[in-house]
Amino acid sequence: MSSSQTNLLQGTLDLLILKSLKTGELHGLGVSRRIEQITRGAFQVKPGSLFPALHRLEEAGWLTSFWGESENNRRARFYRLTKGGERHLGHEAEEWQKIAAAMSHALKAT
Amino acid sequence: MQFRSRLESLMRNLLRKHEVDADLEEELESYATMLADERVAGGICRPEARRSTLAELGGIEHIKQSVRDGRTGITFELLWQDIRLALRQLRKSPGFTITAVFTLTLAIGANAVVFGVLNALILRPLNVPQAESLFVVQHGSDVASHSYPDYLDLRQRNRSFDDLAVFAISQSGLDTGKDPSNVWQYETSGNYFDTLRIQPYLGRFFHDSDVHGPNSAPYVVLSYAYWHGHFQDDRTVVGRVVRLNRHPFTILGVAPPGFQGTILFFVSDIFVPVVNHEQLFGDKMILNARGIRWMFEMVGRLKPGVTPAQATADLNSVDSYLKKSYPKEESNDPYTLARPGLHGDYLNGPTRTFLTGLMLLSGLILLAACANLGSLFAARAADRSREVALRLALGSSRNRILRQLFTESVLLSLAGGVAGLVASILLLRRLSVWQPFPRFPLHVPVSPDANVYLVALVLALVSGALFGIVPVRQILRANPYEIVKAGSTGAFGRRITARDVLLVVQIAICAVLVTSSMVAVRGLMRSMHSNFGFEPRNAMLVDTDLTTAGYSGEKVPAMQRRMIDAIQAIPGVDSVGSVNYPPLEPPGTWQGLVYTDTTEDLSPSNAAADPNMFNISPDYFRASGTSLLAGQSLLMA
């Protein structure tokens, strides 16, 4: 599966962003690099989908943001999961597991 | 949690838009810088790294727009943008804007006025509690055809009404100790206020328990308007004794403001019990005369669960008993029920027809206005074809352009609607206080209410949508490439036939409207100048009322002769005559029945004719300029 052809469903992207922030706060570029890392390079999130998603999740209350300093001393906007965001991630991950299990079961069926 | 966060975002996005946008700008800038940092670390020189980064981002503006499109409250934001753009566009063409708003003001204003009248006179229920169970009892085609004994029998013998009340209208002289003045009064049955279920504003009303036979209840209740105008809101009037036609009557209370009885357009000054009619007018027999139908209106409140049809049948069965008992006096007319407010079917039908016609005409006016504005809008869209084409070419969606055009038309129609509503409210207020005939307390109570506002708003929105929809096809069909290529004389809108159709529709509607208004104006002119059999030029009317001044019996003709002589003596007076009701004024109870010579049974149903009867003095015809077709005038005895 070539990464450039991977079409991210909106729900998938949201879930990946939440998951990438599970281990701690990150700025936009950090989120995109982290997603690349945890999906072993399968998903490369373009800024055109990343930023709308980040802002949407923040407005929904799953994330908060603040200005901080990057590892290279650049001023950057960091994102962090909220309590509600963590709950939401748990819930969504569970849903996704169910769907994925069902899908793989369905595809294996003869 | 989620709701609160959404609300906070909405407030921030709407109120601190610049801050939010600056934040976004800085965030994306820092993203690009950090991406470039990575490439520099990879061994590329900085300018080249920055250039390739920006190229990869595909335009920061584009990303910003997608973030904005996902924000909470984007709909408001877009609407606000559309409104601002529409306002700018309209300001750029003031001629068009003023024409459109003015046209709509006239059209919507006319509709609001007519609907206001329709609403007040027909749609709105009477201003009394549980008005839906209140009905006017009619006898035959004429509402004013009940005698007092008939009323008493109907009231006692029916089983369908909780209560049945009756009233007559008359004038009296009211003397509070200073100037006696003429007042219009309702002479009502004792249960009148209780039947209508209204409560006094001040003091108390009279009830059935106050009435014990002829002249037993010398009480008077003032209407709110009369109390306000003649007693200066004096709360101590309750219990005060005033003189009505020189007889002492005690003021019991004041009716609530806005109470108009069951006849919407007639405003009475005072209410007195009808049992005191003899005391007021010296007429000993009228209360007991079964053949004299002088009661103006009978109103009844149906018992719960009784239908109007059942009540009508009940009344007619009582009537058949009465016909058997009093064959001479009872007529053969059946009893029917009608809605109160417009004096039963007497005015209800004509008013309804007239107002429906007017409503139709004003609807046509609005339609013509919409057709007119529709073609104006289409022309405007054609003029703006290059602008539209450019916007389409630059990537604007057709939806967005259409929404913007609709915003423009709805803004115009709302402005016209508000202006029309304000004008109609002013006009309706004027109409409400207007008294067409100074001698009569006639009013058209048409104060506007929420219904009128709502209708004006809906009409504005509907007409906005109607004329806004005209250029839609034009826009949808537009091919930006063709238009830009063709230059300012583009083919855009050349093939339009919708505008031609609209023009024809508009001319047709206007022809109907102009014709009907010409007919109406001509009719009015003719009735103003037609010959009524008297000469109004150089004639003066002097209103006198000897009864209220305490004259009765023999003294009346003597005083009348003295007055005629005194006026005759005034230099310049050519002739003087007296008549009990001036020309064109309906004579109240002065009706006489005419029988043929051979009729022996003088019951009302056998009458050959029922003419109006006027009492005149010998010189009256000369004074009024009436020429006799044959015969000669009366001579002074």
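**Close-up views of a predicted two-chain model**

A:Trp67 stands opposite A:Arg77 in strand 3 of chain A. This pair, like everything shown in the views below, is taken from a predicted model.

View 1. Strand 2 of chain A covers residues 63-69 and runs antiparallel to strand 3 of chain A, to which seven bridges join it.

**View 2. The open sheet of chain A.** Three strands make up an open sheet in the order 1-3-2, with antiparallel pairing. Strand 1 and strand 2 of chain A are at the edges with a single partner strand each, so each has one side without a neighbour in the sheet. Strand 1 (residues 26-27) is joined to strand 3 (residues 75-81) of chain A by two bridges, again antiparallel. Here A:Leu26 is placed opposite A:Tyr79 of strand 3. Strands of a sheet pair through backbone hydrogen bonds, either parallel or antiparallel.

**View 3. The side of chain A that touches chain B.** Contacts between the chains involve 18 residues of chain A and 22 residues of chain B. On the chain A side, helix 2 (28-38), helix 3 (47-60) and strand 3 each supply at least two residues. Helix 3 of chain A has the largest share, with eight residues. By class, this side of chain A is made up of six nonpolar, seven polar and five charged residues.

**View 4. Chain B as a whole.** Chain B has 20 helices and 10 strands. The domain assignment gives domain 1 (2-71), domain 2 (131-340) and domain 3 (348-529), and the C-alpha centres of domain 1 and domain 2 of chain B are 82 Å apart. The radius of gyration of chain B is 37 Å, whereas a compact globule of 637 residues would have one near 26 Å. Along the principal axes, the C-alpha atoms of chain B fill a box of roughly 130 × 60 × 55 Å. Of the 637 residues in chain B, 31% are buried. Among contacts in chain B with a separation of 6 or more, 76% are between residues 24 or more positions apart.

**View 5. Nonpolar cores of chain B.** The largest nonpolar core has 57 residues, and those with the most contacts inside it include B:Phe167, B:Val220, B:Leu222 and B:Ile270. Strand 2 (residues 161-175) of chain B gives the most to this core, eight residues. Leaving out residues up to four places away in sequence, B:Leu222 touches B:Trp227, B:Ile251, B:Val254, B:Ala255 and B:Ile270. Another core, of 43 residues, lies apart from it and has among its members B:Ala107, B:Val117, B:Leu412 and B:Leu459. In soluble globular proteins, nonpolar side chains tend to be buried together.

View 6. B:Ala569 is located in the loop between helix 19 (555-568) and helix 20 (620-624) of chain B. With 9 other C-beta atoms within 10 Å, B:Ala569 counts as exposed, because the cut-off for an exposed residue is 12 or fewer. B:Asp383 is 186 residues from B:Ala569 in sequence, and the C-alpha atoms of the two are 79 Å apart.

Terms used
Residues numbered from 1 in each chain as written. Chains lettered and ligands numbered in written order. Predicted model: local features only at pLDDT ≥ 70, side-chain atom pairs only at ≥ 80, totals over all residues. Domains from an automatic or database assignment. Helix = DSSP H or I, 4+ residues; strand = E, 2+ residues; numbered from the N terminus. Rg over C-alpha atoms; globule rule 2.2 N^0.38 Å. Buried ≥ 20, exposed ≤ 12 C-beta atoms within 10 Å, placed from the backbone. Contact = placed C-beta atoms within 7 Å. Pairing = 2+ DSSP bridges. Nonpolar A, V, L, I, M, F, W, Y, C, P; charged D, E, K, R; others polar. Core = buried A, V, L, I, M, F, W, Y, C linked by C-beta atoms within 7 Å.
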